[in-house]
Amino acid sequence: MRISSRNARFQQWQALLTNRNKRQRAGEFLVQGVRPITIAVDQDWPIRALLYDAQRPRTAWAEDILHRAGGERVNMAPDLLAELGEKEEAAPEIIAVLEMPADDLDRIEVRHDFLGLVFDRPSSPGNIGSIIRSADAFGADGLIVTGHAADVYDPRSVRASTGSLFALPSVRVPSQREVMAWIDRERDRGKPVLVVGTDEKGEAEIFDFDLTRPTLLLIGNETSGLSAAWRELADHLVSIPMTGSASSLNAANAATTVLYEARRQRLHSARP
């Protein structure tokens, strides 16, 4: 198939860039960039289509992706490919149309050394992607986005994750109730997960709190912090000690700091 005009199919994919409801109804989203597409293919994510310009000489990377990945092949005019790639100067070699996985908390494995992360009502897609990247880097088992929030599959979130979205289970749920029901089931199975929130008035600083236990970390909204409901449900609240005139950290920076400290403690406790 070759698409050379802004036909209905092109418009459907174009809508995925900006319209969350249409992404949700279609159950798919667009992925741009060499690294994210490579990781998605390596992680066996379901690929519905690969969009490319068949008249353009292909690099070894593009040949490899077209050989290894599943999904429909769609030959697309370069100006339309550039539009979907959100690049004015040049069209990307390939854009992938990926299937969304189910928002099922059981996609996140709760092991004896579990480290999970909740991002409560995030307003910035870029922060979601950055936190996914940090969670992947520091060995977390999954991210949960709760409440009325920016979308995990927004192109800005996907780009900011630099491919980690495809290596780390990231699940959207309506509220804290679904999360706590899942945690309670895991506790009933003998997995004593602690729910630990971050707050500037926490009972302990993160460096003095034991994060080697199975832990679900809570990061609050960029402006208002943790909701009152999450504060009540948390077993403990911890703070990040700061100096200088800053009163708080960006949500992604705060999450990265706490994840790094958890990783540091766990590496230290594993040493003989």
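This is a dialogue about how some labels are given to residues in a predicted model.

Student: Why is Ser-161 called buried?

Tutor: Buried means under 20% relative accessible area. Ser-161 has 0% relative accessibility, so Ser-161 counts as buried.

Student: Where is Ser-161, and which residues does Ser-161 touch, not counting residues up to four places away in sequence?

Tutor: Ser-161 sits in the loop between helix H7 (155–160) and strand S8 (170–173). With residues up to four places away in sequence left out, Ser-161 touches Gly-129, Ile-132 and Arg-133.

Student: What does the side chain of Ser-161 reach at 3.4 Å?

Tutor: The side chain of Ser-161 reaches the backbone nitrogen of Leu-165 at that distance. A polar contact needs a pair of N or O atoms within 3.5 Å.

Student: What is Ala-69, buried or exposed?

Tutor: The relative accessible area of Ala-69 is 9%. The cut-off for buried is under 20%, so Ala-69 is buried. Ala-69 lies in the loop between helix H4 (60–68) and strand S4 (72–76), and touches Val-41, Ile-47 and Leu-50, not counting residues up to four places away in sequence.

Student: Why is Asp-44 called exposed?

Tutor: Exposed means over 50%. Asp-44 has a relative accessible area of 67%, so Asp-44 is exposed. Asp-44 is in the loop between helix H3 (34–42) and strand S3 (47–52).

Student: What makes the phi of Arg-121 worth a remark?

Tutor: Most residues other than glycine have a negative phi. Arg-121 is not a glycine, yet has a positive phi of about 55°. Asp-44, also a residue other than glycine, has a positive phi near 60°.

Student: How do you know that the radius of gyration of the protein chain agrees with a compact globule?

Tutor: For 272 residues, a compact globule would have a radius of gyration near 19 Å. The protein chain has 20 Å, so the two agree. Along its principal axes, the C-alpha trace spans about 60 × 40 × 40 Å.

Student: What percentage of the residues of the protein chain count as buried?

Tutor: Of the 272 residues, 52% count as buried. The secondary structure of the protein chain comes to ten helices and twelve strands.

How values were computed: Residues are numbered from 1 along each chain as its sequence is written. This is a predicted model: local features need pLDDT of at least 70, side-chain atom pairs count only at pLDDT 80 or more; totals for chains, interfaces and linings use all residues. Side-chain values use heavy atoms; hydrogens and water are left out. Helices (H or I, at least four residues) and strands (E, at least two) are DSSP runs, numbered from the N terminus. Buried means under 20% relative accessible area, exposed over 50%, partly exposed in between (1.4 Å probe, protein chains only). A polar contact is a pair of N or O atoms within 3.5 Å; within protein, one must be able to donate a hydrogen and the other to accept it, and residues adjacent in sequence count only if both atoms are side-chain atoms. Contact means heavy atoms within 4.5 Å. The radius of gyration is taken over C-alpha atoms; the globule rule is 2.2 Å times the number of residues to the power 0.38.
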